[in-house]
Amino acid sequence: MALASGVELLQQNTCSLRTLDIIPKVLNNQYEVYADGSRIGDDTGFSVCILKNGEPFKIFQFKLNKSSTVFQAELAAIDLAVCWALENGVRINIHTDSQSSIKALRSARSRSATVNKVKKNYYLSEGSVGLTWVKVHAGDPSGNELADHQAKSATAEGGKLKIPTPYSSVFVERLARDLGRL
């Protein structure tokens, strides 16, 4: 029993060291999924738009904490889509306009808890999830444009979702507090 839990712990900790083999498109997928993040003023949110046969099937919208970044929102959207596929046992292709998210997921040594969580879930999908980049505002009204509109709406109306505060925000807050003491 102790050996099994040690192996599990090792697997969890080495996920950040893995370079993910991201499949751009899976065959025989049941859904096309568009994921997007947005920030308007101090409000950040994301949407996941699931399409079946080109028509909206399900739309998720979440508003994040004030310290969240668009990068975190983009990753949270991808993660929600991957988890939805895992929970429902379906094959999906995720489309995102976030090249930085895809690059982060491909990196071998991420220190970001958010990136490593998404990498772990994507790894667990075992080839049932494709992930590809789409051009921003390419005029696809049923996909990326829908996700973009829903993500902007999520900044004001989405369900609340707490994610870890990025280290950069913690650093800036501490620096500001320390400078205020001088």
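Trainee: What makes β1 and β4 paired strands in this predicted model?
Mentor: Five bridges join β1, residues 31–40, to β4. Two strands pair if there are at least two bridges between them, so β1 and β4 qualify. They run parallel, and Tyr31 stands opposite Ile92 in β4.

Trainee: What is the order of strands in the open sheet?
Mentor: The six strands go β5-β4-β1-β2-β3-β6, with mixed pairing.

Trainee: Why are β5 and β6 said to stand at the edges?
Mentor: Each has a single partner strand, so one side of each is left without a neighbour in the sheet. For β6, a parallel pairing with β3 (residues 55–63) is made over two bridges. Lys63 has Lys160 in β6 as its bridge partner.

Trainee: Which helix lies across β1, β2, β3 and β6?
Mentor: Helix α5, residues 144–157, does, and α5 runs at about 140° to β2.

Trainee: How do you know that the span of α4 is close to what is expected?
Mentor: Helix α4 covers residues 113–124 and has 12 residues. From the first C-alpha to the last, α4 reaches 17 Å, close to the 16 Å expected at 1.5 Å a residue.

Trainee: Which residues of α4 are buried, and what covers them?
Mentor: The buried ones are Thr114, Val115, Asn116, Val118, Lys119, Asn121 and Tyr122. Their cover includes α2, α3 and β5.

Trainee: What makes a group of residues a nonpolar core here?
Mentor: The members must be buried nonpolar residues joined through side-chain atoms within 4.5 Å. The largest such core has 32 residues, and Val48, Ile92, Ile94 and Leu105 have the most contacts inside it. At least two residues each come from β1, β2, α2, β4, α3, α4 and β5. The largest share, 10 residues, is from α2.

Trainee: Which residues is Val48 in contact with, leaving aside its neighbours within four places in sequence?
Mentor: They are Val33, Tyr34, Lys58, Ile59, Phe60, Ala77, Leu80 and Ala81. Another core, of five residues, lies apart from the largest one, and its members include Leu51, Leu146 and Ala147.

Trainee: What is the phi of Asn53?
Mentor: Asn53 has a positive phi of about 55° although it is not a glycine. Most residues other than glycine have a negative phi.

Trainee: Where is Glu126, and is Glu126 buried or exposed?
Mentor: Glu126 lies in the loop between α4 and β5. With a relative accessible area of 72%, Glu126 is over the 50% cut-off and therefore exposed. Its phi is also positive, about 45°, although Glu126 is not a glycine.

How values were computed:
Residues are numbered from 1 along each chain as its sequence is written. This is a predicted model: local features need pLDDT of at least 70, side-chain atom pairs count only at pLDDT 80 or more; totals for chains, interfaces and linings use all residues. Side-chain values use heavy atoms; hydrogens and water are left out. Helices (H or I, at least four residues) and strands (E, at least two) are DSSP runs, numbered from the N terminus. The expected span of a helix is 1.5 Å times one less than its number of residues. Buried means under 20% relative accessible area, exposed over 50%, partly exposed in between (1.4 Å probe, protein chains only). Contact means heavy atoms within 4.5 Å. Axes are lines fitted to C-alpha atoms, for helices over the stretch in contact, and angles run from 0 to 180 degrees between N-to-C directions.
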